[in-house]
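Below is a short briefing for a reader new to this structure. Please look through the sequence and the model, then read the points grouped by topic.

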Amino acid sequence: MYAKVIVDVAAAQINKAFDYKIPEEMIDLVKPGMRVTVPFGPRKIQGFIWKTSPESNLSKVKGISDILDPDPVLTKELLELGHWLSEETVCFLITAYQSMIPSAIRAKPKKKIRLTGDAAHLPEPLQQLFNGKHQLEWEKLTDDKKLIRLIKLAADKGTLEIDYVVKNQTNKKRVALIHLDERAMNRQASELVSSSAKKQLSALEWMQNNACEKAVPQQELIEKASVTTQVIKALTDKNLLIRSSVESYRDPYAGRTFAYMPPLELTARQRYVLRHVHQSIDEKKHVPFLLRGVTGSGKTEVYLQAIQKVMESEKEAIVLVPEISLTPQMVERFKGRFGSNVAVMHSALSAGEKYDEWRKIHRKEVKVVVGARSAVFAPFENLGLIIIDEEHEGSYKQEDHPRYHARQVALWRGRYHNCPVLLGSATPSLESYARAKREVYTLLELPDRVNDMQLPDVQIIDMRQELKNGNRSVFSGLLLEKIKDRLEKKEQIVLFLNRRGYSTFVMCRSCGYTAECPHCEITLTYHHTQSRLKCHYCGHEEHMITECPACESEQIRFFGTGTQKVEEEITKLLPEARVIRMDVDTTTKKGSHEKMLSAFGRGEADILLGTQMIAKGLDFPRITLAGVLAADTLLNLPDFRAPERTFQLLTQVSGRAGRDTLKGEVVVQSYNPDHYSIQHAKEHDFPSFCLEEMGQRKRGGYPPYYYIALINVAHEDVTKVIQTSDKIAGFLKQSLSKETKVLGPTVSPIARMKDRYRYQCMIKYRNEPNVVKVLNEILNRYQKEIAGDKLFISIDMNPQMFM
Ligand code: ADP
Ligand code: ZN
Ligand code: ZN
């Protein structure tokens with residue numbers, strides 16, 4: 001028997017499967033989707049089994065060295081999907097496969113073999129090895145290849161269990177344990193320590209009475225015996241107590257009970273939407289739906305009841321939500337309805353926790369996964385529905401290889417499983433909306449909020465006028481007035497400040513020097529809490545400067561408005577206001593995000609001030625005012641999607657106000673108050689915005705009228721970058737059809753990053769069947785030509801970012 005193996009070498013020349021012989025003792029054990037180690041040149045490397053076959057075309061093939069997974073980590077479907085993905089996104093097969101499995105087991109995972117049945121049922125050689133032990137290390141046993149087979153057979157019978165040892169590196173929590181030394185077990189405490197050491201006596205006595213032969217957590221001893229850590233240390237120094245520690249794994253939601261939340265009686269409109277989705281589930285038909293429902297129209301309830309149906313038909317569902325809206329509130333709604341049938345996956349989990357959630361899916365212990373982008377690869381085998389909430393969100397596109405879009409993957413899987421894919425949003429992406437208009441997707445709409453609540457009134461403030469009238473504050477007169485009003489009425493307020501392009505940078509007033517990152521062409525951002533300057537692209541950090549490095553002047557000033565500065569200003573203007581500030585600086589600690597939101601929910605603050613992370617998903621009934629401090633920060637970015645992002649953001653922020661019985665109001669401050677994206681957002685008029693924006697896209701030659709691919713070239717030597725990108729542009733022009741536009745090469749918007757100069761070419765095309773082939777050819781040719789020379793070529797199909 002032979003196996004076709006996709007080896008772990010990310011290089012254009014070897015983006016294909018290699019043949020390896022399956023050793024006698026591994027036949028029957030080796031299955032597609034498992035990882036193995038194989039000899040490759042002088043090394044041994046990892047690879048995925050793609051297929052097995054009784055023959056090979058090659059005359060000389062080497063054998064597989066080792067099996068890495070007890071069971072396949074990729075299903076047949078995911079193997080196919082990876083293949084497709086590697087073509088669609090122009091990435092290496094191995095990269096596509098690696099991205100589908102949890103990071104905790106991506107490296108060479110250690111495994112343990114645990115006895116789960118009666119040792120007497122084990123075959124003779126294994127019985128000897130276990131010999132009273134409960135678990136053994138796989139790696140130690142499987143040097144003897146004959147044992148692999150016996151182990152696997154015993155595992156199939158349930159006598160043994162093979163599992164990965166996943167260290168919880170990012171969140172390794174250890175608990176100190178204390179137990180009595182043997183000497184201290186059978187003697188009076190007073191014989192062991194002097195009678196004047198009262199505290200030591202009572203600690204020893206408590207241990208003798210309560211934990212004579214077992215270990216207790218140090219904390220318990222401290223509390224129960226009312227002693228301090230110093231007392232315990234004195235006793236461990238005397239070797240009367242022994243300290244040890246155990247690792248404590250934490251389920252991120254352990255200890256929290258989620259009260260059952262029964263299905264709500266649907267409105268007529270919700271029922272109409274649900275009927276369509278149910279029908280497609282019943283008929284096992286792949287239908288892509290676009291659900292456009294205004295904020296608060298009850299989309300989530302529709303999702304929940306659609307999943308209900310999926311579960312009743314013994315199938316599984318994937319729900320994707322943007323990372324930042326994976327708030328406790330959202331998780332609660334799914335866990336509250338489906339309890340332990342739900343796995344949750346997001347980036348705040350440690351690698352070990354993520355792996356645990358993945359394992360629940362792999363073992364078919366759950367039916368639903370709620371997660372961010374990568375949850376789209378959940379290894380379910382009987383999918384009945386995929387939901388993408390806030391489908392327009394840019395974060396569904398991965399900005400690193402493989403540069404996939406979760407929507408694209410979801411639609412592929414929906415076709416594979418013949419099941420519906422439900423894309424939901426108050427402000428669908430223009431791409432999706434255009435497809436719905438052309439009936440490629442089925443459009444479903446929820447035009448009103450449930451309970452007939454009105455959408456909030458939106459007022460636009462011209463900040464140029466404020467400046468003319470002498471107001472230099474970040475708050476317009478009207479916004480300040482309304483904040484005061486809400487403080488009096490004891491209602492709540494959210495204030496939104498977009499961080500991107502609006503961070504605080506440092507400039508010398510005498511000579512104009514700005515502090516820039518030495519590795520990237522970008523200004524450093526000032527972080528007040530640590531008084532440090534940081535680069536948001538490469539992580540470079542330095543001390544805040546007090547003197548200008550260029551002219552030695554001490555006239556160093558901060559520019560730009562960060563959330564910290566706004567908070568200071570609120571405190572100055574409205575000392576009585578209680579503010580919770582949420583941004584990257586205040587939410588780095590695990591769980592802090594959750595704590596702040598629940599404090600706000602309990603009414604412990606009047607104002608929630610924050611960045612993008614507060615624009616989504618919040619559902620607090622007492623918020624009656626939402627303020628956008630500067631609507632232009634997104635609008636001014638060099639990106640054709642800037643108006644679309646602005647419209648989406650304003651709509652989302654508006655959606656936070658007046659969700660319950662109190663009427664909401666929104667104040668938007670802008671230096672471009674007449675811009676169509678702001679004006680249409682004021683009127684909550686998505687169709688008109690779309691119409692106008694589609695015109696812009698058509699004139700500019702952008703999606704959804706054209707497809708775009710971006711080719712980035714980076715190298716430490718600027719002449720190499722220019723030469724190569726010139727060659728690439730020439731090659732593109734000559735290989736693609738006349739109708740396709742090749743733009744560039746030009747300098748990338750961030751001209752240097754991590755010490756590499758960057759140039760880019762863009763192609764815009766409508767009908768270009770060869771595009772993937774041509775782009776792969778670029779990788780083949782130019783990466784190889786200058787291989788080993790640290791030239792970076794990255795190809796981004798349908799890019800979301802142009803930096
Ligand atoms: P969306 O996801 O569209 O923003 P939600 O599903 O969060 O809307 O619904 C908004 C609010 O309305 C929530 O508090 C939800 O519990 C409530 N809600 C949704 N559907 C109904 C219904 N049929 N009857 C009563 N309340 C509902
Ligand atoms: Zn940098
Ligand atoms: Zn200076």
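In which loop does Pro 704 lie? Pro 704 lies in the loop between α23 (686-700) and β30 (707-715), where helices (H or I, at least four residues) and strands (E, at least two) are DSSP runs numbered from the N terminus. This is a predicted model, in which local features need pLDDT of at least 70 and side-chain atom pairs count only at pLDDT 80 or more, while totals for chains, interfaces and linings use all residues. Residues are numbered from 1 along each chain as its sequence is written, chains are lettered from A and ligands numbered from 1 in the order in which they are written, and side-chain values use heavy atoms, with hydrogens and water left out.

**Backbone details**

- The peptide bond that joins Pro 703 and Pro 704 is cis, with omega about 0°.
- Another cis peptide bond runs from Gly 744 to Pro 745, with omega near 10°; Pro 745 is placed in strand β31 (residues 741-753).
- Glu 314 is not a glycine, yet has a positive phi of about 60°. Glu 314 sits in the loop between α11 and β13 (316-320) and is exposed, with a relative accessible area of 55% (exposed means over 50%, buried under 20%, partly exposed in between, with a 1.4 Å probe and protein chains only).
- His 684, also not a glycine, has a positive phi of about 55°. His 684 is found in the loop between α22 (676-682) and α23 and is partly exposed, at 30% relative accessible area.

**Ligand 1**

- There are 17 residues around ligand 1, and Glu 265, Gln 270, Gly 296, Thr 300 and Arg 333 come nearest; a residue is near a molecule if one of its heavy atoms lies within 4 Å of it.
- By class, this shell has 4 nonpolar, 7 polar and 6 charged residues. Ala, Val, Leu, Ile, Met, Phe, Trp, Tyr, Cys and Pro count as nonpolar, Asp, Glu, Lys and Arg as charged, and the others, Gly among them, as polar.
- Helix α11 (residues 299-312) gives the most to the shell, with 3 residues.
- An oxygen atom of ligand 1 is 2.9 Å from a polar backbone atom of Gly 296. An N or O atom in the side chain of Lys 299 is 2.9 Å from an oxygen atom of the ligand, and for an N or O atom in the side chain of Arg 333 the distance to a ligand oxygen atom is 2.8 Å.
- Ligand 1 taken alone exposes 560 Å², of which the protein buries 78% (accessible areas come from the Shrake-Rupley method with a 1.4 Å probe).

**Strands**

- Strand β27 (residues 607-610) has Ile 607 and Leu 609 pointing one way and Leu 608 and Gly 610 the other way, and all are buried.
- Strand β20 (residues 492-496) runs parallel to β27, joined by 4 bridges; two strands pair if DSSP finds at least two bridges between them. Val 494 has Leu 608 as its bridge partner in β27.
- Strand β26 (residues 579-582) also pairs with β27 in the parallel sense over 4 bridges, and Ile 580 stands opposite Leu 608.
- An open sheet of 5 strands has antiparallel pairing in the order β2-β1-β4-β3-β5. Its edge strands, β2 (17-21) and β5 (66-67), each pair on one side only.

**Cysteines**

- A search of the whole structure finds 0 disulfides, a disulfide being a pair of cysteine sulfur atoms within 2.5 Å.
- Cys 419 is buried, with a relative accessible area of 2%, and Cys 548 counts as buried at 1%.

Notes. Polar contact = N/O pair within 3.5 Å; in protein donor to acceptor, adjacent residues only side chain to side chain.
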